[in-house]
Amino acid sequence: AAPGAAPACAGAARGCCVGTMAGMAELEHFCGYGGKHLNTVLYHPLQAETLIYTAAATIIVEDVNDPHKQEFLHGHDKEV
């Protein structure tokens, strides 16, 4: 890698935040699902058109009618 380039990140292939020399980049959009763990994709109990799923240490809350409308819940140190 060139001097000053962002270091490789194992989570980048899964859509996770990518580490940089200055810190963490903001996650703008998540696309994909690994399915490694059971029961990690759920519909919101009160909002029928809202899907909730996990990706590594992030929880994604997504509108099923507009997959670009996502909210990310961060703060976990390990996979959720």
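The structure is a predicted model, in which local features require pLDDT of at least 70 and side-chain atom pairs pLDDT 80 or more, whereas totals for chains, interfaces and linings use all residues. Residues are numbered from 1 along each chain as its sequence is written, and side-chain values rest on heavy atoms, with hydrogens and water left out.

The protein contains zero helices and six strands, assigned as DSSP runs numbered from the N terminus (helices: H or I, at least four residues; strands: E, at least two). Its order along the sequence is β-β-β-β-β-β. Of the 80 residues, 25% are buried. Contacts are defined by heavy atoms within 4.5 Å; among those between residues at least 6 apart in sequence, 18% join residues at least 24 apart.

The largest nonpolar core comprises seven residues, namely Leu27, Phe30, Leu51, Tyr53, Ala55, Ile60 and Phe72. Such a core is a set of buried Ala, Val, Leu, Ile, Met, Phe, Trp, Tyr and Cys residues joined through side-chain atoms within 4.5 Å. Strand 4 (residues 50–55) makes the greatest contribution to this core, with three residues.

One aromatic pair is present in the structure. Rings of Phe, Tyr and Trp (its six-membered ring) are paired when their centres lie within 6.5 Å, and planes under 30 degrees apart are classed as stacked, over 60 as edge-to-face and the rest as tilted. Phe30 and Tyr53 form a tilted pair, with 6.1 Å centre to centre and 55 degrees between the planes. This pair links distant parts of the chain, 23 residues apart: Phe30 belongs to the loop between strand 2 (23–24) and strand 3 (41–43), and Tyr53 to strand 4. Phe30 counts as buried because its relative accessibility is 6%.

Asp63 is located in strand 5 (residues 58–63). This residue is buried yet has no salt bridge, and Lys69, the nearest side chain of opposite charge, is 4.1 Å away. A salt bridge requires a side-chain nitrogen of Lys or Arg within 4 Å of a carboxyl oxygen of Asp or Glu; Lys and Arg are taken as positive and Asp and Glu as negative, with His and the chain ends not counted. A polar atom of the Asp63 side chain lies 2.8 Å from the backbone nitrogen of Asn65. Beyond neighbours within four places in sequence, Asp63 is in contact with Glu49 and Lys69.

Definitions and conventions. Buried means under 20% relative accessible area, exposed over 50%, partly exposed in between (1.4 Å probe, protein chains only). A polar contact is a pair of N or O atoms within 3.5 Å; within protein, one must be able to donate a hydrogen and the other to accept it, and residues adjacent in sequence count only if both atoms are side-chain atoms.
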